[in-house]
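Subject: Structure handover

Hello,

Here is the structure I promised to pass on. Please have it open while you read my notes below.

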Amino acid sequence: AYERRFPTCPLIPMFVASDTVNEYKSEDGAVHVIERRCKLDIDAPRLLKKIAGVDYVYFVQKNSLNRRERTLHIEAYNETFSNRVIINEHCSYTVHPDNEDWTCFEQSASLDIKSFFGFESTVEKIAMKQYTSNIKKGKEIIEYYLKQLEEEGITFVPCWTPSVACKSESSTSHPRHPVSPAINIPESATKEGLTNKEILNSSSSPSEPTAGTPDDKLDADYIKRYLGDLTPMQESCLIRLRQWLQETHKGKIPKDEHILRFLRARDFNIDKAREILCQSLTWRKQHQVDYILDTWNPPQVLQDYYAGGWHHHDKDGRPLYVLRLGQMDTKGLVRALGEEALLRYVLSINEEGLRRCEENTKVFGRPISSWTCLVDLEGLNMRHLWRPGVKALLRIIEVVEANYPETLGRLLILRAPRVFPVLWTLVSPFIDDNTRKKFLIYAGNDYQGPGGLLDYIDKEIIPDFLGGECMCEVPEGGLVPKSLYRTAEELENEDLKLWTETIYQSASVFKGAPHEVLIQIVDASSVITWDFDVCKGDIVFNIFHSKRAPQPPKKDSLGAHSITSPGGNNVQLIDKVWQLGRDYSMVESPLICKEGESVQGSHVTRWPGFYILQWKFHSMPACATTNLPRVDDVLASLQVSSHKCKVMYYTEVIGSEDFRGSMTSLESSHSGFSQLSAATTSSSQSHSSSMISR
């Protein structure tokens, strides 16, 4: 089972490749020694790799299998930077002396950093992180390959003896390449960012073709069928970004098509794409955009007077959206509905567009990841340049550009009047350069000539109002009756209602002013669950217990933002005169959470009373071993421009009888918590304490 992780192991993403350097087999087949040179892609800051002048590091690993003594010894040392850093590792698999059905595993390692360009502490941190990760995954990986062997019919290998050595080897080597093995992917593999294609490749013969399915993320047929033509570099970017998301955003992984949109929007720069994608995922979660089509019904005013709708598809199979902007009373809609309702309606249109792209991909048998928009400007006048209306339009463009990149395949602007250049001057600076290249503008009836509408849309589906024969069910728009207008106060209240319809709450955390949430527990052994995103800055998460209730919460003056502010509120509960250990106690070890992280976990309460969840500002400690700042410190200082952090959180108390599963699968029979995060993660501290309590 151990040998199956070579020449590369998809369960270890940083293990890129390996080559056999030396190999020895004894004549009787008892001893097999193999030495490999392994190529690793260490998860290190790009700046550090650039300074070191390497993209990969190489290790030499020597595996010594002794079938006679039933031992496997593994030795490894670093080849790269061996004059600066010395790493030695030793592992051994042996038979338990008292029970030969048991396997013992031992592992030890040493690290000696002599010098490393002034970044010794950073290298030490990276090495410890990688080593800890490998230890945690070691058992999981060996169990995966053992299960794979069982599925191939290999459930027993006789002990080695000189008389049956050849028979034993031949009996176990035959089933190693079955024609079509059934592959059962363990849950642990998917959590570590493993794609199904990688699992298929690890168990199939290279000569055997694998069928492309939507779950087969690296299969060439799947890429061509669902993603389109990708270069090896682009494919690699997609895999790496997807694996990173699986490690940091448990349960909220967008589909490959959507990840590709963000990569294309940033020319496959992984760092830039990751930044905007993380911001978009947080935004979607905060405003529950994933559920907008199922939970939000547009007001009747929009259904009657918003002159837009879906209309068949263009010649490339893209969904076609028709917008009769010239016939739409933008001022009346803003006055009757407000900016937020209009924005939410546009978001629902974009969500429907994503859904239609998936459907058309299945219908036409080729990847369709964007839609075509046809905008008819017949009737556009100075009324459309009303300042609040333009302001609402610019905000809508800004939100759509940030969260739906590369979804617009083509924009056909028809019958542009003389006033259009004025509107274009106001709007164009807010539109991405790549998006602007997709605009085709026709004045008057130019769209009917060569290079016009017929080049992009079949004659049979050209709308009737453009001279076609197809009846278009898009509302005609018209003036919104002034009787439907609402006061500024009513619109403001409605806007607050729209954007606070979420189970998540936002909070600001300042240096010296943490945000705290009080939870009263009546029955011991209740389960406190939490789910929060660190939107800005680094924070420390704590859980405290007190037998007496704190004073009523008071809002800190620093955090006195309005409810719609991205910063949210700041509430402090622990009195300044309270002493830790006397008035309240810490029930979980502090958890440091970095900007952009999504954290889920739970705590099984041992006593009734009052529990306080606290998010506190995390100050970066100065580096003690060198005068030079650490890479992580520099990057963090660039990201956090002020002594302010932002978190978005949700908490829930579940009775112990309703809590099912381990910390990595929070489930409640009547809780919405499990619906928010299909696969959750928790801190090791929370895991251990909850396991002990249970």
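Start with Thr 71. Thr 71 is buried, at a relative accessible area of 12%. (Buried means under 20% relative accessible area, exposed means over 50%, and partly exposed lies in between, with a 1.4 Å probe and protein chains only.) Thr 71 sits in strand 4, residues 71-78. Neighbours within four places in sequence aside, Thr 71 is in contact with Ser 64, Leu 65, Asn 66, Tyr 93 and Thr 94. Contact here means heavy atoms within 4.5 Å. Helices (H or I, at least four residues) and strands (E, at least two) are DSSP runs, numbered from the N terminus.

A word on the source. This is a predicted model, where local features need pLDDT of at least 70, side-chain atom pairs count only at pLDDT 80 or more, and totals for chains, interfaces and linings use all residues. Residues are numbered from 1 along each chain as its sequence is written, and side-chain values use heavy atoms, with hydrogens and water left out.

Now the whole protein. It has 20 helices and 24 strands. Of its 694 residues, 49% count as buried. Take the contacts with a separation of 6 or more: 72% of them join residues 24 or more positions apart.

Next, the cores. A nonpolar core is a set of buried Ala, Val, Leu, Ile, Met, Phe, Trp, Tyr and Cys residues joined through side-chain atoms within 4.5 Å. The largest one has 53 residues, and Leu 302, Tyr 306, Leu 333 and Leu 377 touch the most other members. Elements giving two or more residues to this core include helix 11 (300-305), helix 12 (330-337), helix 13 (339-364) and strand 10 (408-416). Helix 13 gives the most, with 9 residues. Beyond four places in sequence, the contacts of Leu 333 include Val 301, Leu 302, Tyr 306, Met 328 and Val 480. A second, separate core has 23 residues, among them Ile 528, Val 534, Leu 591 and Cys 645.

Which residues make the contact between helix 6 and helix 8? First, the geometry. The axes of helix 6 (residues 220-227) and helix 8 (residues 256-265) come within 11 Å and cross at roughly 75°. Axes are lines fitted to C-alpha atoms, for helices over the stretch in contact, and angles run from 0 to 180 degrees between N-to-C directions. Helix 6 and helix 8 are therefore roughly perpendicular, a label for angles of 65 to 115 degrees. Helix 6 brings Tyr 222, Tyr 226 and Leu 227 to the contact, and helix 8 brings Asp 256, Glu 257, Leu 260 and Arg 264.

Then look at Asp 314, in the loop between strand 7 (308-313) and strand 8. Is Asp 314 buried or exposed? Asp 314 counts as buried, at 1% relative accessibility. The side chain of Asp 314 reaches the backbone nitrogen of Asp 316 at 3.0 Å. The Asp 314 side chain also makes a polar contact with the side chain of Thr 372, at 2.6 Å. (A polar contact is a pair of N or O atoms within 3.5 Å; within protein, one must be able to donate a hydrogen and the other to accept it, and residues adjacent in sequence count only if both atoms are side-chain atoms.)

Last, Leu 293 in helix 10, residues 292-295. Leu 293 counts as partly exposed, at 28% relative accessibility. Leu 293 and Ser 348 are 55 residues apart along the chain, with their C-alpha atoms separated by 6.1 Å.

Best wishes

Methods:
Angles under 35 degrees count as roughly parallel, over 145 as roughly antiparallel, 65 to 115 as roughly perpendicular and the rest as oblique.
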